[in-house]
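Please brief me on the structure below.

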Amino acid sequence: MSAAKELIGIGVPAAQAKSLGFPTPPTLAGVGTAQVGAAAISQTMTVLSATGGATAFVMPAAVAGSGPYVLYNASGTSALVYPGASNTFNGGSADAALTLPTLRSLLIFKTNGTNWIAFFNAIS
């Protein structure tokens, strides 16, 4: 599937392109290194930008079945992705972050009230 802006670029009217294609994902800058105060992920497709001491991101409060969320770390620094407050990733410890290495992606689904299932892309 093409991005909406690519469809517009080849002459598809904007309204049709937006309904047919996917939006260009926003870039979100990390904030701090802790769950509290981390940059809030609000879009289902997000490009993460982590630098120095600004590497933290937090998933939104979401209901079971939410997702998929696709996150891509485009920066040269690993990103910390936290679940929402008192939530877990893959049944692990509550509030524990996943480390998303540079130039890697993460696919995340909310399975129940407190757990997210996360899949990393293969390391090349």
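Leu80 is partly exposed, with a relative accessible area of 21%; buried means under 20% relative accessible area, exposed over 50%, and partly exposed in between, using a 1.4 Å probe and protein chains only. The model is predicted: local features need pLDDT of at least 70, side-chain atom pairs count only at pLDDT 80 or more, and totals for chains, interfaces and linings use all residues. Residues are numbered from 1 along each chain as its sequence is written, and side-chain values use heavy atoms, with hydrogens and water left out.

**Surroundings of Leu80**
- Leu80 lies in strand β6, residues 79-82; strands (E, at least two residues) and helices (H or I, at least four) are DSSP runs numbered from the N terminus.
- Leaving aside residues up to four places away in sequence, Leu80 touches Thr33, Thr55, Ala56, Phe57, Ala97, Leu98 and Thr99, where contact means heavy atoms within 4.5 Å.
- The C-alpha atoms of Leu80 and Ala38 are 9.2 Å apart, while the two residues are separated by 42 residues in sequence.
- Across the strand pairing, Leu80 stands opposite Thr99 in β8.

**Sheet**
- Four strands form an open sheet in the order β2-β4-β6-β8, with mixed pairing; two strands pair if DSSP finds at least two bridges between them.
- The edges are β2 (39-40) and β8, each with a single partner strand, so one side of each is left without a neighbour in the sheet.
- The pairing of β6 with β8 is antiparallel and runs over three bridges.
- In general, strands of a sheet pair through backbone hydrogen bonds, either parallel or antiparallel.

**Chain as a whole**
- The secondary structure consists of two helices and 10 strands, and along the sequence the pattern is α-α-β-β-β-β-β-β-β-β-β-β.
- The chain has 124 residues, of which 35% count as buried.
- Of the contacts in the chain with a separation of 6 or more, 46% are between residues 24 or more positions apart.
- The accessible surface is about 6,500 Å², with 62% of it belonging to carbon and sulfur atoms; areas come from the Shrake-Rupley method with a 1.4 Å probe, and for residues only the protein chains shown count as cover.

**Nonpolar core**
- The largest nonpolar core has 18 residues, and those with the most contacts inside it are Met59, Leu71, Val81, Phe89, Leu106 and Ile108.
- Strands β5, β6, β8 (98-100), β9 and β10 each supply at least two residues of this core.
- Such a core is a set of buried Ala, Val, Leu, Ile, Met, Phe, Trp, Tyr and Cys residues joined through side-chain atoms within 4.5 Å.
- Beyond residues up to four places away in sequence, the contacts of Leu71 include Met59, Val81, Leu106 and Ile108, and also Arg104 and Ser105.

**Aromatic pairs**
- The whole structure holds two aromatic pairs; rings of Phe, Tyr and Trp (its six-membered ring) pair if their centres lie within 6.5 Å, with planes under 30 degrees apart counted as stacked, over 60 as edge-to-face and the rest as tilted.
- Tyr69 and Trp116 form an edge-to-face pair, 5.7 Å centre to centre with 70° between the planes.
- This pair links distant parts of the chain, with Tyr69 in β5 (residues 69-73) and Trp116 in β10 (residues 115-120), 47 residues apart.
- Both Tyr69 and Trp116 are buried.
- The rings of Phe109 and Phe119 have centres 6.4 Å apart and planes at 80°, so this pair is edge-to-face.
- Phe109 sits in β9 (residues 105-110) and Phe119 in β10, 10 residues apart.
- Phe109 is partly exposed at a relative accessible area of 29%, and Phe119 is partly exposed at 45%.
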